[in-house]
Amino acid sequence: MTPRRIIFAVLIMALCIGALPLSAQDEDVTMTMWVRNIGAQVQELVDEWNALGGAQIELTVIPPAEFITKMGAAIAAGESPDIASIDLIYAPAFAAAGQLLDLTDLVSDLPYADDLLPAHSELGTYEGRNYAVPFAIEGSFIIYNKDLFEQAGLDPESPPTTWDELLEAARAISAIDDETYGYYFAGSCAGCNAFTYLPFIWASGGDVLSDDYSEATITTDPIVREALELYRTMWEEGLIPEGASIDDGSSFTSAFATGTIGMAGTGAFGINTYRRDHPELNLGAFHIPGKDGGAASFGGGDVIAIGSGTQYPDEAWAFIEWMMSDETQLDIYAANNRTPVRVSLLENEYSADDDLVLTAASALSVGKSPYSLVYNDLFNDANGPWLEMIQVAIFDGDIDGALQLGQDRFTQIMSG
Amino acid sequence: MKALTGSLSWEQRRKLTGLLFVLPTVLFVAVFFIIPLAMTGFMSFHDWPLIGEQSWIGTTNYSELANDRQFRKSLDFTFRYTLFVTPPIFILGFILASLVRHNIRFIGMFRAIFFMPVVIGLGVSSLLWVWMLDQRVGIFNKILLDLHLLDKPQLFLAKPSTAMNVIILSVVWKTVGFTMILLLAGLQSIPDELYESADVDGAGYFRKLFYITLPLMRRTIALALILSVIGSVLAFDQFYIITRGGPRNSTISIVYWIFNNSFVYWKLGYGSAMSIVLLTILMALTSIQYYVLREKE
């Protein structure tokens, strides 16, 4: 072999080796994806994707209360996941910190770009650029046990539409026996109460923050006091089980599943859980009512984003695009009682006769999500002012003190 | 090595060998203590978010501490907790050490049983206590109900006072074995002859305790107390897992508040400033204890 041939052969070999990862690319790729545990559905979705045989996804499920802490720490350590399903409320903070890939061009190229749910898409946007798209759609509503309604002499087909009716229904159900309670809420879970309690205030035309989210209105808006009084009354009268006061969210869904609770706040994730694990429950759903009527919902759930440090942006986007496609949205999302991420698919063949799914979907039409970079510190923090205010008012009965405490701590956090 | 040390005198070689022996420890202390400490000090003068850009802000973090209501509340809580948890750990540790002092049959088994909780991680033991305290499936409620001491299940974590008490109970259970072992070593180092001659002189139990045992155990007691107080001031896991700072934020220890600021609110700079203040307080506390319990000539 002449030296020139040797060089030529080496070059050819180098090219072949270099080309290897390209041809074997997809099968070798394993992306990491993080999600907070919002039901088993994400695992099912990822399993379906992995079965297609392309780039694989390794899913890590993280307790909701720890997601932000873990994500922040992972980013700081340079170990953030390739794909992250983020509570939509936090998307602006991560985008602002430059930790998410800019998806603006990819999203605008989608034929259904304008069909994505607007509230979720908006929270995935920061300074006019798109960093995340809707992934899990959760509007809060109240689920109720029709059998208990009937036993209490209430009409199971006409659930409460005002606070008074809700209170009366709770009283009637609690009167069935000592083991049965009218209402349930997780009294030591900050996020659960942002999701299911704030809408009581919104539905009555009140709020804890001013319209531009610049100041707290806890002491100035009389509805906040009245909403606290509603729960305080139910607690004092024993319409809520005592264990609710220390529930940090771990029994948020399971308490109602015991069949001894009349009504409880939940989201679309609840429907699937109850139907799968507790088919014996005869379920109904209604919107969270205002004091004298009206309805509201917390437009919650997750958006999905690609970490800016990923090595696999194309593969990650392929998964996201597949997730938003007609087939996945109908055959996996809708078929499993999940709310589709696209407006035109909200009503579909699976939801047609399903009151629960329709209530969950229509909750989004009265849905609201606070847009605040300090949302976590205000509402979601287990030691934050929102939960402390609720606990002092409802369990200690000091409503004046609770309102002042809430106002002061909100103001302190928002000012700096 | 010979080439390297060949030109050195015996004295120089001896020093070099000594240096090589302590080098691993020096490296360990530098990497895991000195550098992180310096870094913490450096960060405390910055606005240092967990993610994003940091900026120099001088002593602002320290001056903000003065207006932090929760910081003062947490300091107060932590010291109250330390004050309440230290005596039971120490007294019970001493009693247990006295009980297992002499080498009699099966004594090893008792020592092992008393020491066993120490081996379990604090996180694991805290989770165990969460389960034992549960109002539906917990063993405490079951026992108290069966003994008719309660007429309905108690929510131990719903009131600040009971929450604090059950935490103290769990920590005493968890750490008393360690104090016992330390004190046991101290007890066993006292020569038996002293007690024998005291017996001859007709000294009773308390006289022997106050005139022989305690004075001769001064160093051991100082060590046990200092370790126990430091551990209590730095308490975190049990509050994070068992009470999550509740009820009504009444059990947020100082380290819990540092953790919250650093990793929940993403204010690493502020958390660092608090850590430096806590370190200073701990050093002062330890010095005082050292001074009070010093060996008098």
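Buried, in these notes, means under 20% relative accessible area. I am working from a predicted model, so I keep that in mind throughout.

**Entry 1: the disulfide**

I began with the cysteines. Over all chains, I find 1 disulfide in the structure. The bond runs from A:C189 to A:C192, with 2.0 Å from S to S. I looked up its hand too: the angle about the S-S bond is 75 degrees, and the link is right-handed.

Next I asked myself: is A:C192 buried or exposed? A:C192 has 7% relative accessibility, so it counts as buried. A:C189 comes out at a relative accessible area of 10% and is buried too.

**Entry 2**

I moved on to the strands of chain A. How many residues of strand 3 are buried? I get 5 of the 5, covering residues 83-87, so this strand is largely enclosed by the rest of the structure. I then checked what strand 3 pairs with. Strand 1 (residues 30-36) of chain A runs parallel to strand 3, and the two pair over 2 bridges. Within that pairing, I noted A:M33 opposite A:I83. Strand 3 is also joined to strand 12 of chain A, this time antiparallel and by 5 bridges. There, A:I86 has A:V303 as its bridge partner.

I looked for the partner of A:P134 in strand 12 and found A:V303.

**Entry 3: the open sheet of chain A**

In what order do the strands of the open sheet lie? I read 8-9-7-10 for these 4 strands of chain A, with mixed pairing. At the edges I have strand 8 (181-184) and strand 10 (283-286), each pairing on one side only. On average, neighbouring strands here are turned by 20 degrees against each other, direction ignored. Helix 9 (residues 163-174) of chain A packs on this sheet and touches strands 7, 8, 9 and 10 of chain A. I make the angle between the directions of helix 9 and strand 8 about 130 degrees.

I also looked at one pairing inside the sheet. Strand 7 (residues 141-145) and strand 9 (residues 261-266) of chain A are antiparallel, with 4 bridges between them. A:I142 stands opposite A:G265 of strand 9.

**Entry 4: A:T359**

A:T359 sits in helix 17 (residues 355-363) of chain A. Its relative accessibility is 12%, so I count A:T359 as buried. Which residues does A:T359 contact, leaving aside neighbours within four places in sequence? I list A:F141, A:A285, A:F286 and A:H287.

**Entry 5: helix 5 of chain B**

I finished in chain B. Helix 5 (residues 107-119) has 13 residues and reaches 19 Å from first C-alpha to last, close to the 18 Å expected. Where does helix 5 of chain B bend? I find a bend of about 30 degrees at B:I113, and the proline B:P117 follows within four residues. B:P117 is also buried, as are B:I107 and B:R111. I traced what the buried residues of helix 5 pack against: helix 4 (69-99) and helix 8 (160-188) of chain B.

Methods: Residues are numbered from 1 along each chain as its sequence is written. Chains are lettered from A and ligands numbered from 1 in the order in which they are written. This is a predicted model: local features need pLDDT of at least 70, side-chain atom pairs count only at pLDDT 80 or more; totals for chains, interfaces and linings use all residues. Side-chain values use heavy atoms; hydrogens and water are left out. Two strands pair if DSSP finds at least two bridges between them. Axes are lines fitted to C-alpha atoms, for helices over the stretch in contact, and angles run from 0 to 180 degrees between N-to-C directions. Contact means heavy atoms within 4.5 Å. The expected span of a helix is 1.5 Å times one less than its number of residues. The bend at a residue is the angle between axes fitted to the seven residues ending there and the seven starting there. Buried means under 20% relative accessible area, exposed over 50%, partly exposed in between (1.4 Å probe, protein chains only). A disulfide is a pair of cysteine sulfur atoms within 2.5 Å.
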